[in-house]
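Open your viewer and get ready to select residues one stop at a time. This tour tells you what to pick next and what you will find there.

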Amino acid sequence: MVFAAAPSVPLPWSARVRHLGPNWYAAVMGTSVVGTAAAALPVRAGGLREVGTAVWALALVLLVVLLAGRALHWTHHRDQARADLLDPAMAPFYGCLSMALLAVGGGAVTVGRDWIGLRAAVALDWVLFPAGTLTGLAAAVAVPYLMAVHHRVRAAEATPAWLLPLVAPMVSAAVGPLLVPYLPPGQPRETLLLACFALFGLSLLATLLMLPLVFARVIGSGPLPLALTPALFLVLGPLGQSTTAVGLIADRADGVVPAPYDHGLGVFAVLYGVPVMGFALLWLALAAAHVVGARRRGMGFSMTWWAFTFPVGTCVTGAAALARHTGLDVYEGLAVGLYALLVAAWLAAGAGTVRGLLSGELLAGPRPVPAAPAPARGRTTSDGAR
């Protein structure tokens, strides 16, 4: 064939990024949370914070590289970018851009400050927090609108990825309180803190509307396709992140919100967080069982493996918040155990991604889907999982 020698000719970067979708931001999220969760642990181990800071720095580099790659994608492949927006399997991943910006920004204040200094860390977060929040709010509106008007999806097609644009404002709710001490006292601090509480409510109510669809899909339609099975871990994201958010809001309430609301937020952090963390552990067991079954049926690596990282990381920070507010050793132990799971998941997802990049498989185009009696969309198991 005429094209037989083509693989030996290096492709320009503009061509290599054609299939660099927004789902790649999940790698930034999963890497950043390893660092921030290390700082949130209620126990201190020698060198753990230093390792966490190094991992956050890696996340910062990955974010810069991906932003550049996605800029090339939109510049040279607008047809593919538009196709991604109109694809119900890929569009929800646009929420990952917001969460990647927020995760790196929040990590700058918690661990990045050790290397770049507090002033630079706060300045970086003041850039990434508004950008991530506005992007997340846009995704929370635009993606459900596209699903209703252009995608015309059915409830039986629900996947956990549908939660991604709705969870993005919850990440803002968890990151925003970190910036409260760096605002002038009085109304500026209270406004930001209560804005974070409003973002918590916005995301929580939207998630509560979507979760029944996901649960009904899992129970009523059988297991997800093998490549999408790790996406079940995405349900942990809103659970762990909301527990983290109310805990951090309560931490900053003293002297910012007038009494008795400051004390009330601390009470709410426990009354909300304890049952939600309980449900998170239930879902973790259910999702893990599905993943074990999928591995036995031949599930290989795909980019959906990054779903094992950030959602579990939010549960680490959520358990750590409960440990602070309850003083119970059981939550300290839970945070440590979940962190060990997070590190193992990050190593597995990272190793698979590196192998896929070196082989060129992850940035290749979607595989053709053979004709089959099942009406599943090809991109649901290829582009969305790649």
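Select Ala319 and look around it: leaving out residues up to four places away in sequence, Ala319 touches Met277, Tyr331, Leu334 and Ala335, where contact means heavy atoms within 4.5 Å. This is a predicted model, in which local features need pLDDT of at least 70 and side-chain atom pairs count only at pLDDT 80 or more, while totals for chains, interfaces and linings use all residues. Residues are numbered from 1 along each chain as its sequence is written, and side-chain values use heavy atoms, with hydrogens and water left out.

**Stop 1: around Ala319**

Is Ala319 buried or exposed? With 0% relative accessibility, Ala319 counts as buried. Buried means under 20% relative accessible area, exposed means over 50%, and partly exposed is in between (1.4 Å probe, protein chains only).

Ala319 is part of helix H11. Helices (H or I, at least four residues) and strands (E, at least two) are DSSP runs, numbered from the N terminus.

**Stop 2: H11 beside H12**

Show H11 (residues 310-326) together with H12: their axes come within 8 Å and cross at roughly 165 degrees. That makes H11 roughly antiparallel to H12. Axes here are lines fitted to C-alpha atoms, for helices over the stretch in contact, and angles run from 0 to 180 degrees between N-to-C directions. Angles under 35 degrees count as roughly parallel, over 145 as roughly antiparallel, 65 to 115 as roughly perpendicular and the rest as oblique.

To see where they touch, color some of the meeting residues, including Val312, Val316 and Ala323 in H11 and Leu338, Tyr339 and Leu342 in H12. Sorted by class, the contact of H11 with H12 has 14 nonpolar, two polar and one charged residues. For these classes, Ala, Val, Leu, Ile, Met, Phe, Trp, Tyr, Cys and Pro count as nonpolar, Asp, Glu, Lys and Arg as charged, and the others, Gly among them, as polar.

**Stop 3: H8 and H9**

Next, select H8 (residues 187-220) and H9 (residues 236-253), which pack at an angle of about 160 degrees with axes 10 Å apart. That makes H8 roughly antiparallel to H9. Which residues of H8 meet H9? They are Leu193, Cys196, Phe197, Phe200 and Thr207, and their partners in H9 are Pro238, Ser242, Val246, Ile249, Arg252 and Ala253. By class, the contact of H8 with H9 has eight nonpolar, two polar and one charged residues.

Keep H9 on screen. Of its 18 residues, 16 are buried, so H9 is largely enclosed by the rest of the structure.

**Stop 4: two backbone details**

Just after H9, pick Gly255, which takes a positive phi of about 80 degrees. Then move to the peptide bond between Ala259 and Pro260: this bond is cis, with omega about 0 degrees. Pro260 sits in the loop between H9 and helix H10 (261-296). For background, most residues other than glycine have a negative phi, and most peptide bonds are trans.

**Stop 5: the loop between H6 and H7**

Select Glu157, in the loop between H6 and helix H7 (164-175). At 21% relative accessibility, Glu157 counts as partly exposed. Pro88 is 69 residues away from Glu157 along the chain, yet their C-alpha atoms are separated by 9.6 Å.

Thr159 lies in the loop between H6 and H7 too. At 14% relative accessibility, Thr159 counts as buried. Apart from residues up to four places away in sequence, Thr159 touches Val214 and Arg217.

**Stop 6: H3**

Finish with helix H3 (residues 48-76). Its 29 residues should span 42 Å at 1.5 Å a residue, and the end C-alpha atoms are 42 Å apart, which agrees. Among the buried residues of H3 are Trp56, Leu63, Arg70 and His73. What do the buried residues of H3 pack against? Show helix H2 (25-40), helix H4 (78-85), helix H5 (95-116), helix H6 (118-151) and helix H12 (329-359) to see these partners.

Conventions:
The expected span of a helix is 1.5 Å times one less than its number of residues.
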